[in-house]
Amino acid sequence: MRLSNTVLASLGAPRASQAPILPHYARHLLSPGIVHLGLGAFHRAHAAMYTDHAIAAGDLRWGIVGVSLRQADTRDALAPQDNLYTVVVRDAEGERLHVVGALIASLVAPENPQAVLAVMADPRCHVVSLTVTEKGYCHDPATRALNLAHPDIAHDLAQPDTPRSAIGFIVRALALRLQAGLPPFTVLSCDNLPSNGLTTRGLVLAFATAVDPALAHWIDVYGAFPNAMVDRIVPKTTDADRASVALCLGAEDAWPVMTEPFSQWVIEDRFAGPRPRWEDAGAAIVAEVEPYEKAKLRMLNGTHSSLAYLGALMAYATVDAAIADARLAEFIAAMMAEEIEPTLSRPGLAAYRATLLARYRNPALKHQLQQIATDGSQKLPQRLLGTIRDRLLAGAPCERLCFAVAAWCRYLAGKDEAGLAYAIADPLAGVLQVAVTSSPDPMDQVAALLAVREVFGDDLPADPRFVATLTRHLRNIGQHGVAAAMAAVATSQQERMQ
Ligand code: CS2
């Protein structure tokens with residue numbers, strides 16, 4: 001039996017400790033109020049659940065039309081089950097199943113870009129949200145400027161009527177709305193980018209200016225691009241997860257998502273039109289997101305990436321396995337307390353740190369380090385390099401942060417310390433791997449890596465403290481291994497403080 005509208009009423013197998021939470025509203029009455037670009041697991045376990053709550057409270061304007069910008073796999077799995085899917089919330093205590101009904105259609109953009117533009121230009125659509133990952137913004141991560149040489153951007157500028165990129169779709173749909181005399185939709189980025197709303201706005205305006213300056217002016221005046229901090233850990237779903245959902249739900253779900261109990265969404269109060277009452281489901285609508293977003297990117301994502309490279313090199317598979325190694329746990333906690341927190345202004349940082357470490361220990365998630373390790377070139381600028389810049393500017397130590405960057409460099413060699421090879425998934429993989437394998441000398445490797453200016457900018461490669469620290473750590477990792485080199489960092493920090 002496959003999950004679908006018709007089987008909803010009979011769900012809940014005897015094995016489930018608690019009955020699944022089901023959508024009890026009239027799904028067929030939902031209107032397409034939100035178009036979401038990037039229909040991955042994160043959106044389905046995060047924003048879609050807040051929206052599901054708003055719909056369940058009685059506001060049927062907020063059905064979600066999900067759009068995959070590349071592959072058909074999500075649509076192929078969801079269409080036969082009426083776009084219903086299960087979110088499994090798990091930790092050491094057990095798990096709770098929610099069947100989400102907010103998704104009313106799934107589209108595959110390359111198959112029919114006009115269908116995507118039609119729903120975005122529909123008068124009932126008020127919000128276009130995005131989770132397209134860092135690289136989906138087609139920008140230069142160090143400067144956040146639109147990369148005009150990106151193949152998708154070059155294509156969309158040449159043929160704006162049949163876009164491929166998220167930015168191209170947004171600009172074309174806004175042009176259609178202007179022509180039709182409709183107000184713009186709100187563009188809500190839910191990706192882990194600094195000032196994600198402002199960044200998206202800059203990219204949309206740069207693209208629109210190249211296509212039609214009058215359109216750019218209209219977007220500039222009437223458009224809204226709220227900043228948002230998003231937080232929920234959502235590992236990749238496995239076949240074992242699917243099998244366990246089938247048992248607990250009493251129906252097959254080909255595309256469930258696994259997540260943790262924690263969820264946070266802080267959204268800037270800046271909308272061009274109506275929006276769901278996400279705050280009733282726990283979202284915070286605030287005047288200023290920046291302190292939260294900066295703390296999240298640096299504390300959570302910064303240490304997540306650090307743990308991914310250090311842990312993967314030490315041949316750990318998952319976050320909970322890596323954090324169970326006391327050497328890694330101490331290193332990460334000290335990195336937060338001594339090097340990251342002094343750069344932040346959000347209140348309650350010590351408690352935030354404790355919560356993060358507890359979340360990493362969740363034994364039920366099995367969050368793969370290699371999943372977090374992907375796309376380092378797109379992630380490191382906002383996760384680690386900005387913090388390093390602030391520390392260097394203050395003349396303060398950043399040994400552990402630089403050690404994590406050295407671990408990334410060593411990771412790019414493609415083999416862990418147990419000799420196991422893995423693939424590097426990164427849009428810049430080619431150039432990065434050439435950089436770290438071109439010479440056996442860490443000094444040459446660092447010089448070649450720092451030449452990738454879209455990651456490091458012009459300032460860090462010119463800072464002798466950064467270059468020397470990175471080189472020293474990379475040499476130590478190569479000579480003594482990650483664990484011993486990491487212990488040496490801790491000792492030298494202690495000596496410095498005595
Ligand atoms: C992770 C994030 O994969 C990654 O790079 O650091 O997806 C992380 O799990 C989320 O940002 C948590 O909110």
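**A buried leucine, a helix histidine and a ligand shell**

If we skip its neighbours within four places in sequence, Leu84 is in contact with Leu3, Ser4, Asn5, Leu8, Pro23, Arg27, Leu78, Val99, Val100 and Gly101. Before I go on, please keep in mind that this is a predicted model.

So where does Leu84 sit? You'll find Leu84 in the loop between α3, residues 73-78, and β3, residues 85-91. Take one partner from that contact list, Gly101. Leu84 and Gly101 are 17 residues apart in sequence, yet their C-alpha atoms are 5.5 Å apart in space.

Is Leu84 buried or exposed? Its relative accessibility is 0%, and buried means under 20%, so Leu84 counts as buried.

Now let's hop over to a histidine. His155 is part of helix α5, which covers residues 151-158. With 14% relative accessibility, His155 also falls under that 20% cut-off, so we call His155 buried too. Leaving out residues up to four places away in sequence, His155 touches Thr162 and Arg164.

Which residues surround the ligand? Here's the list: Asn192, Asp231, Arg232, Ile233, Lys296, Asn301, His304, His367, Ile372, Lys379 and Arg383. Sort that shell by residue type and you get two nonpolar, four polar and five charged.

A polar side-chain atom of Asp231 is 2.6 Å from an oxygen atom of the ligand. For Asn301, a polar side-chain atom lies 3.0 Å from a ligand oxygen. And His304 has a side-chain N or O atom 2.8 Å from an oxygen of the ligand. How much of the ligand does the protein cover? On its own the ligand has 350 Å² of accessible area, and the protein covers 88% of that.

Which helix gives the most to this shell? That's α10, with three residues. Both α10, residues 290-313, and α15, residues 376-393, supply at least two shell residues each.

Last point: why do we say the ligand lies between two domains? Because domain 1, residues 5-286, and domain 2, residues 290-497, both give residues to the shell around the ligand.

Terms used:
Residues numbered from 1 in each chain as written. Predicted model: local features only at pLDDT ≥ 70, side-chain atom pairs only at ≥ 80, totals over all residues. Heavy atoms only, no water. Near = heavy atom within 4 Å. Polar contact = N/O pair within 3.5 Å; in protein donor to acceptor, adjacent residues only side chain to side chain. Areas by Shrake-Rupley, 256 points an atom, 1.4 Å probe, with all protein chains shown as cover. Helix = DSSP H or I, 4+ residues; strand = E, 2+ residues; numbered from the N terminus. Nonpolar A, V, L, I, M, F, W, Y, C, P; charged D, E, K, R; others polar. Domains from an automatic or database assignment. Buried < 20%, exposed > 50% of the residue type's maximum accessible area, 1.4 Å probe, protein only. Contact = heavy atoms within 4.5 Å.
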